[in-house]
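Please keep the sequence and the model in view while reading.

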Amino acid sequence: MKNCYGYTELLKDLLELKEVYCQKVSVTFASNSVRGRGIPLIKIGSGDKKLLAVASVHGREFVSSCFVMRCLKDFLDRSYELEGKALYVLPMLNPDGVEIAQGKEKPLNIPHDFKPELFKNNSNNINLNANFPFCFHRVPKERQGGIKAASEPEAKALIRLCEKERFMSAISLHARGNCIFWRDLGNGRVKGDYELAKRLEESCGFELIEPTQKAQDYSGGFENWFRFRYRKPALCVELVEDEEISFSDMCFNFEEAVNWSKTGDLLKIFADFC
Ligand SMILES: [Zn+2]
């Protein structure tokens with residue numbers, strides 16, 4: 001398999017980040033994955049208004065980690081100011097899933113129809129974006145959210161971080177569709193949700209998806225849980241418009257796949273708007 005953006009590449013990038021921008025950035029680990037990989041957490045800025053961006057919730061969508069790291073480097077290179085704000089980034093929530101999707105290891109719990117390149121879950125074969133404690137009893141079995149909400153260490157780590165930092169807003173980066181899921185019927189309107197989504201539509205060209213109607217689709221999701229728990233905007237941003245491109249090719253054709261010339265300022269726009 002071609003060498004994609006995986007956990008090793010991320011760790012290398014983090015070292016560089018610490019070396020080059022040591023005054024401006026802090027890098028720690030939020031917790032560990034099922035297989036014991038540290039889940040990196042980057043923080044820039046020190047203001048009271050805290051914002052969160054999460055990537056690679058799904059293993060095969062590792063292009064989102066590559067994307068968020070590039071956004072961050074640009075942000076730091078151009079010395080953008082985060083007046084009164086702090087930006088927290090979890091660039092790879094599901095490192096085991098990323099390694100599995102890149103064919104570097106096997107899940108602990110191997111599904112019967114296992115195809116590495118399509119693998120999105122964690123090593124226990126649980127879909128993290130269906131494992132959060134929001135309408136969890138409505139998560140259908142085929143979404144693979146597990147038998148108990150927040151059973152997975154990666155989901156627990158993200159919940160703990162949110163409980164500690166009380167973010168004003170969150171963005172979760174995925175990879176398929178060039179669109180934004182910004183509201184669900186279970187939560188209804190959350191103040192500022194449409195305005196943020198609209199701003200990102202205008203600047204980055206993402207299509208806004210109608211509010212998610214069915215509990216089977218919005219239950220257990222991170223962004224849905226975040227809206228429920230804090231009544232603050234949380235968006236699921238799906239990068240990559242091309243429906244045909246493979247998940248690994250997204251990394252090789254990176255700028256074209258993610259439409260970088262339009263989307264590359266996403267973190268800055270997010271930080272400015274909130
Ligand atoms: Zn996804």
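## R143 and its surroundings

Apart from its neighbours within four places in sequence, R143 is in contact with N127, A130 and G220; two residues are in contact if their C-beta atoms, placed from the backbone, lie within 7 Å. R143 sits in the loop between helix 3 (95-101) and helix 4 (153-165). Helices (H or I, at least four residues) and strands (E, at least two) are DSSP runs, numbered from the N terminus. The C-alpha atoms of R143 and D217 are separated by 8.7 Å, although these residues are 74 apart along the chain.

R143 counts as partly exposed because it has 18 C-beta neighbours inside 10 Å. A residue is buried if 20 or more other C-beta atoms lie within 10 Å of its own, exposed if 12 or fewer, and partly exposed in between.

## Basis of the model

The model is predicted: local features need pLDDT of at least 70 and side-chain atom pairs count only at pLDDT 80 or more, while totals for chains, interfaces and linings use all residues. Residues are numbered from 1 along each chain as its sequence is written.

## K214

K214 lies in the loop between strand 7 (207-208) and helix 6 (215-218). K214 is exposed, with 12 other C-beta atoms within 10 Å. From K214 to G6 the C-alpha distance is 34 Å, and the two are 208 residues apart in sequence.

## Nonpolar core

The largest nonpolar core has 75 residues, and V54, V63, I180 and L235 have the most contacts inside it. Such a core is a set of buried Ala, Val, Leu, Ile, Met, Phe, Trp, Tyr and Cys residues joined through C-beta atoms within 7 Å. Helix 2 (residues 63-77) supplies the largest share of this core, eight residues.

Beyond four places in sequence, the contacts of I180 include A197, L200, F206 and L235.

## Helix 5 and helix 11

The axes of helix 5 (residues 193-204) and helix 11 (residues 266-273) come within 10 Å and cross at roughly 145°. In this pair, L196, R199, L200, S203 and C204 of helix 5 meet L266, I269 and F273 of helix 11.

## Whole chain

The protein chain has eleven helices and eight strands. Of its 274 residues, 50% count as buried. The C-alpha atoms fill a box of roughly 50 × 40 × 35 Å, taken along the principal axes. Among contacts between residues at least 6 apart in sequence, 74% join residues at least 24 apart.

How values were computed. Axes are lines fitted to C-alpha atoms, for helices over the stretch in contact, and angles run from 0 to 180 degrees between N-to-C directions.
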